[in-house]
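Dear colleague,

I am passing this structure on to you, and below it you will find my notes on what turned up when I went through it.

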Amino acid sequence: MKILAKLSLASVLIGSLSCGPTNDLEKTKATVSQQTIKDHIYYLASDEMRGRDTGSPEILKAADYLADQLQSYGAKQVPGADGFFQKVPLRKKTPATAGAFSYGGRDFELNKDFIVVDGESGNFNGEVVYLEYGLESDYENAEVAGKFVFAKVGDGENTDRRAILQLSREKYELAREKGAAGLVEFYSVPSLPWDNLGRMFNRVGITLDQSANAFSTDPIIPHLWLKDMDNANQRFMMTRSIKRAELSIEGMTNELTGDKNVLAMVEGTDPELKKEFIMFSAHYDHVGVGPANAEGDSIYNGTRDNAIGTVTVLSAAENIAKYPMKRSALFVLYTAEEKGLLGSRYMANNPIIPNNEIVFCWNSDNGGYNDTSISTIVGLERTTATPFIKEANVAFGLEAVEDQSGMGLFNRSDNVNFARKGIPAPTYSLGFREFDDEINKYYHKQTDNPNSVDYDYLEKFFKSYVYASRLIGNAPERPFWVEGDPYYEAGKALYGLD
Ligand SMILES: [Zn+2]
């Protein structure tokens, strides 16, 4: 009796000394506060941040702010990273102001006949080599060093404009890697109007250099699209066996922006499960400053898109640094999402924590909301984490629903770069069932201000995100794609499952 009494007294003492929350729900409630959420959002989406545009001084300031917060929570630098950062080789490029291109006695006019997609000012004169589509397989037995590679646009199969542009970029990087002097693509795609292309490339643009030596001073070789709707230019080249081409470009400048992804980690507590990382990610860039609206406001503050997503990741970091989970946590904030998911693309292709150690990517991104009774999870039903996400929402009076907008949102945020690698990667979003006028009132507009959102709703939304995170990070089984998902096989290959 006495011993028992002593024991129970001891346990009461231990209980009251260590006090604090004992389960994931209590731990979530213990750190997520409306005031903290509000403070972060008001800062990141302030006019002072000028819309956090990629390549702007303000986005670098935002990066420092985020790193400071992560550090203050006690999250650690990721070994192999550059402090709390990963530098991203983004290049700000200005368009050509003049140029000339010719081969076989044919002269082409800048913008009317050819567009300079990439490159730098200078004169180029070299041998030509024709490589069908300019894909990896077309380089077999080809001698391209110091030569202009000519190729048809696309791959002869895919006609989707986005795919063609993406492929064009990959071909360019390949030509650069192979030591070619330049890449010229014969353009013949009706789905991509020539004038639109001109507008797309003849403006100050941000480009991601994917090559391993992206930070070196390697020449930025010219990349042209040559208008050739009836394939006459291509035939001319083939039938006359043209040997050389000449090009001059003026006015084109290139400059690395200094942009960076921000990252930190918290090690897991379980000796086995800590080898598995849950990645918490969001983009912190937005679209900067643009045309003014009727009220004279020209700053696109990006509160919903994506100060809120950024702060959900901060919230998770604060919570998990204080109460580590069994699994390890990796927190990543990307730059250049608005320029084409570039910060996340770079990280997925140049990972600091190997992709096969990241078992779940819990991305957070927002266009807007029009329903404060729900959270919308893009890809909710595509992974086995569904029950945890649903349970976490119910705990805070929300309902988790799958995206039903039919807008292909899964492929339009940073999560997709990791999904393609095989990592289960849904995106947590503010509540909407359809992308209607209420959302468009703020989406990519000057009105997306921090005083235009409902913080009572945000508090529930944030707590649901953090609670779901904890349930996933502490679960005995790691989440995976549901069978039959388009990325199911990629996942099995990534993790070497059966
Ligand atoms: Zn956006």
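**The sheet and its edges**

Val-116 stands opposite Leu-224 in S10. The model is a predicted one, in which local features need pLDDT of at least 70 and side-chain atom pairs count only at pLDDT 80 or more, while totals for chains, interfaces and linings use all residues. Residues are numbered from 1 along each chain as its sequence is written, and side-chain values use heavy atoms, with hydrogens and water left out.

Strand S5 and strand S10 (residues 223-227) run antiparallel and are joined by 4 bridges; strands here are DSSP runs of E with at least two residues, helices are runs of H or I with at least four, and both are numbered from the N terminus. Two strands count as paired if DSSP finds at least two bridges between them. The open sheet has 8 strands in the order S4-S3-S11-S6-S7-S8-S10-S5, with mixed pairing. Strands S4 (106-109) and S5 (114-118) stand at the edges with a single partner strand each, so one side of each has no neighbour in the sheet.

**A loop residue**

Pro-21 is found in the loop between helix H1 (2-18) and helix H2 (24-31). Leaving aside residues up to four places away in sequence, Pro-21 touches Glu-26, Lys-27, Ala-30 and Tyr-323, where contact means heavy atoms within 4.5 Å. The C-alpha atoms of Pro-21 and Gly-134, which are 113 residues apart along the chain, are separated by 60 Å.
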